[in-house]
Amino acid sequence: MNINMKNFQIRPVNKEDRSWVASLLEEHWGSTKIVTRGRIYNADKLPGFIAIQADEPVGLVTYRIDGNDCEIISMNSLVERAGIGAALIDAVKKVAIKANCTRVWLITTNDN
């Protein structure tokens, strides 16, 4: 699924992206392990979407679906004010709708 918006595309994370995903998570989150509500997730192994601009990755969102809930685990936009974050969230929302989720949510920190 490619979503064309402005000058970037959104596509699902694939196995060839996993080392880049792990590297981005390490750089921006300090680890590939993300803790939310007392549970640890290996975010580099989760499904997600990547924003691509000029053949370079410029954003990442990872998520998990549990029953009727879809939780965004990590979100990174490497280009500010370009609509990348919103486009990544929209991609997750579309997956959640197809999976019959009734809620999409995320937890933020005070340094966001």
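**Entry 1. The kind of model**

I note at the start that this is a predicted model. Every value that I record was computed from it.

**Entry 2. Strands E3 and E4**

I began with strand E3, residues 33–36. In which sense does E3 pair with strand E4? The two strands pair in the antiparallel sense, over 4 bridges, and E4 covers residues 39–42.

The hairpin of E3 and E4 has 2 residues between the strands. Arg37 is in this loop. Its phi is positive, about 50°, although Arg37 is not a glycine. Arg37 counts as exposed because its relative accessibility is 61%, and the cut-off for exposed is over 50%.

**Entry 3. Thr36**

I returned to Thr36, which is found in strand E3. Is Thr36 buried or exposed? Thr36 counts as buried, because its relative accessibility is 8% and the limit for buried is under 20%. Its side chain makes a polar contact with the side chain of Glu71, at 2.7 Å. Leaving aside neighbours within four places in sequence, I found Thr36 in contact with Tyr41, Glu71, Ile73 and Ile107.

**Entry 4. Strands E7 and E8**

Next I looked up strand E7, residues 69–77, and strand E8, residues 103–106. They pair in the parallel sense over 4 bridges. Cys70 stands opposite Val104 in E8.

**Entry 5. The nonpolar cores**

I recalled that nonpolar side chains tend to be buried together in soluble globular proteins. The largest nonpolar core here has 18 residues. Ile10, Phe49, Ala51, Ile84, Leu88 and Val92 touch the most other members. Strand E2 (8–12), E5, E6, E7 and H2 each give two or more residues to this core. Which element gives the largest share? H2 does, with 7 residues. Apart from this core lies another, of 12 residues, among them Val13, Tyr41, Ala43 and Ile52.

**Entry 6. The aromatic pair**

How many aromatic pairs does the structure hold? I found 1 aromatic pair. Phe49 and Tyr63 form it, with 6.1 Å from centre to centre and 15° between the planes. The pair counts as stacked because an angle of 15° falls under the cut-off of 30 degrees. The pair links distant parts of the chain: Phe49 is in strand E5 (residues 48–53) and Tyr63 in strand E6 (residues 56–66), 14 residues apart. Both partners are buried: Phe49 has a relative accessibility of 3%, and Tyr63 has a relative accessible area of 8%.

**Entry 7. Two further residues of E6**

I looked up Arg64, whose place is in strand E6. Arg64 is buried, because its relative accessible area is 14%. The side chain of Arg64 makes a polar contact with the side chain of Tyr41, at 2.9 Å. Not counting residues up to four places away in sequence, Arg64 touches Arg39, Tyr41, Leu46, Asp69, Cys70, Glu71 and Ile73.

Pro57 is also found in strand E6. Pro57 is partly exposed, with a relative accessible area of 24%. Beyond its neighbours within four places in sequence, Pro57 is in contact with Trp20, Ile50, Ala51, Ile52 and Leu78. I also noted the C-alpha atoms of Pro57 and Asp17: they are separated by 9.5 Å, while the residues are 40 apart along the chain.

**Entry 8. Ala54**

Last, I looked up the loop between E5 and E6, where Ala54 lies. What is the phi of Ala54? Its phi is near 50°, a positive value in a residue other than glycine. Ala54 counts as exposed, because its relative accessibility is 67%.

Notes: Residues are numbered from 1 along each chain as its sequence is written. This is a predicted model: local features need pLDDT of at least 70, side-chain atom pairs count only at pLDDT 80 or more; totals for chains, interfaces and linings use all residues. Side-chain values use heavy atoms; hydrogens and water are left out. Rings of Phe, Tyr and Trp (its six-membered ring) pair if their centres lie within 6.5 Å; planes under 30 degrees apart count as stacked, over 60 as edge-to-face and the rest as tilted. Buried means under 20% relative accessible area, exposed over 50%, partly exposed in between (1.4 Å probe, protein chains only). Contact means heavy atoms within 4.5 Å. A polar contact is a pair of N or O atoms within 3.5 Å; within protein, one must be able to donate a hydrogen and the other to accept it, and residues adjacent in sequence count only if both atoms are side-chain atoms. Two strands pair if DSSP finds at least two bridges between them. A nonpolar core is a set of buried Ala, Val, Leu, Ile, Met, Phe, Trp, Tyr and Cys residues joined through side-chain atoms within 4.5 Å.
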